Amino acid sequence: MPSETQSQVAFVSKKLLWAGWIASALPVLMLIVSGVMKFVKPAPLVEGFARFGYSDSLALGIGIVELACTVIYLIPRTSVLGAILLTGYLGGATATHVRIGDPFFVPIVLGVLVWAGLLLREERLRALLPLRS
């Protein structure tokens, strides 16, 4: 029969796991919508690409990279690699916004949520980081 502390640890781990998936859901949903939009290429996306100085012919490739990184992040075995890849992708998005003088906090917030969600749901990652009280 499990002791009280074992069941308490399991309960806390389940809470952290759920909190991690919830924190991961927002950036994942936004990245999926953004990636799909790059396949559809609506007029606002084409205008945005022109404003950023990119050809709209790049949208398909960027969308594939965005969706691939997001799928890698969603698979528990490859989630750390996915977070690293998404960090690079969102860093490029941040640089694009900074370059033209747009507000750039959205890709930064998404990147923070990617790592916060992963930190909450991945016990091995929590063991590596010295965030203990």
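Trainee: Where in the chain is Lys41 found?
Mentor: Lys41 is found in the loop between helix 1 and helix 2, where helices (H or I, at least four residues) and strands (E, at least two) are DSSP runs numbered from the N terminus. This is a predicted model, in which local features need pLDDT of at least 70 and side-chain atom pairs count only at pLDDT 80 or more, while totals for chains, interfaces and linings use all residues. Residues are numbered from 1 along each chain as its sequence is written, and side-chain values use heavy atoms, with hydrogens and water left out.

Trainee: And what about the phi of Lys41?
Mentor: Lys41 has a positive phi of about 55 degrees, although it is not a glycine. Its relative accessible area is 33%, so Lys41 counts as partly exposed; buried means under 20%, exposed over 50% and partly exposed in between, with a 1.4 Å probe and protein chains only.

Trainee: How many helices and strands does the chain come to?
Mentor: The secondary structure comes to 6 helices and 0 strands, and read along the sequence the pattern is α-α-α-α-α-α. Of the 133 residues of the chain, 29% count as buried.

Trainee: Let's talk charges: how many salt bridges does a search of the whole structure find?
Mentor: The search finds 3 salt bridges, each being a side-chain nitrogen of Lys or Arg within 4 Å of a carboxyl oxygen of Asp or Glu. In one of them, the side chains of Glu66 and Lys38 meet at 3.0 Å, N to O. Because Glu66 lies in helix 3 and Lys38 in helix 1, that pair ties together parts that are 28 residues apart in sequence.

Trainee: Are Glu66 and Lys38 buried or exposed?
Mentor: Both Glu66 and Lys38 are buried, and for Lys38 the relative accessible area is 9%. The side chain of Lys38 also makes a polar contact with the side chain of Ser34, at 2.7 Å. A polar contact is a pair of N or O atoms within 3.5 Å; within protein, one must be able to donate a hydrogen and the other to accept it, and residues adjacent in sequence count only if both atoms are side-chain atoms.

Trainee: Which residue forms a salt bridge with Arg51?
Mentor: Asp102 does, with the closest N and O atoms 2.7 Å apart. That pair links distant parts of the chain, 51 residues apart, since Arg51 is in helix 2 (residues 43-52) and Asp102 is in the loop between helix 4 (79-100) and helix 5 (105-121). Arg51 is exposed, with a relative accessible area of 52%.

Trainee: Which residue does Arg124 meet in a salt bridge?
Mentor: Arg124 meets Glu122, side chain to side chain, at 2.8 Å from N to O. Arg124 counts as exposed at 57% relative accessibility, whereas Glu122, at 11%, counts as buried.

Trainee: Switching to rings, how many aromatic pairs does the structure hold?
Mentor: It holds 1 aromatic pair. The rings of Phe49 and Tyr54 have their centres 6.3 Å apart and their planes at 65 degrees, so the pair is edge-to-face. Rings of Phe, Tyr and Trp (its six-membered ring) pair if their centres lie within 6.5 Å, and planes under 30 degrees apart count as stacked, over 60 as edge-to-face and the rest as tilted. Phe49 counts as buried at 7% relative accessibility, while Tyr54 is partly exposed, with a relative accessible area of 32%.

Trainee: What sits over the ring of Tyr54?
Mentor: The charged end of Arg99 does, 5.6 Å from the ring centre; a charge sits over a ring if NZ of Lys or CZ of Arg is within 6 Å of the ring centre and within 35 degrees of the ring normal. Elsewhere, Arg121 lies over the face of Tyr73, at 4.7 Å from the ring centre.

Trainee: Last topic, the surface: which residues form the nonpolar patch?
Mentor: Leu17, Trp21, Ile32, Val36, Phe39, Val40, Leu60, Ile64 and Leu74 form the patch, which has about 720 Å² of accessible area together. Patches are made of residues with over 30% relative accessible area and no salt bridge, with like charges joined within 9 Å and nonpolar side chains (Val, Leu, Ile, Met, Phe, Trp, Tyr) within 5 Å. Accessible areas come from the Shrake-Rupley method with a 1.4 Å probe, and for residues only the protein chains shown count as cover.

Trainee: Which helix gives the largest share of the nonpolar patch?
Mentor: Helix 1 does, with 6 residues, and helix 1 (4-40) and helix 3 (59-74) each supply at least two residues of the patch. Val40 is found in helix 1 and is exposed, with a relative accessible area of 58%.
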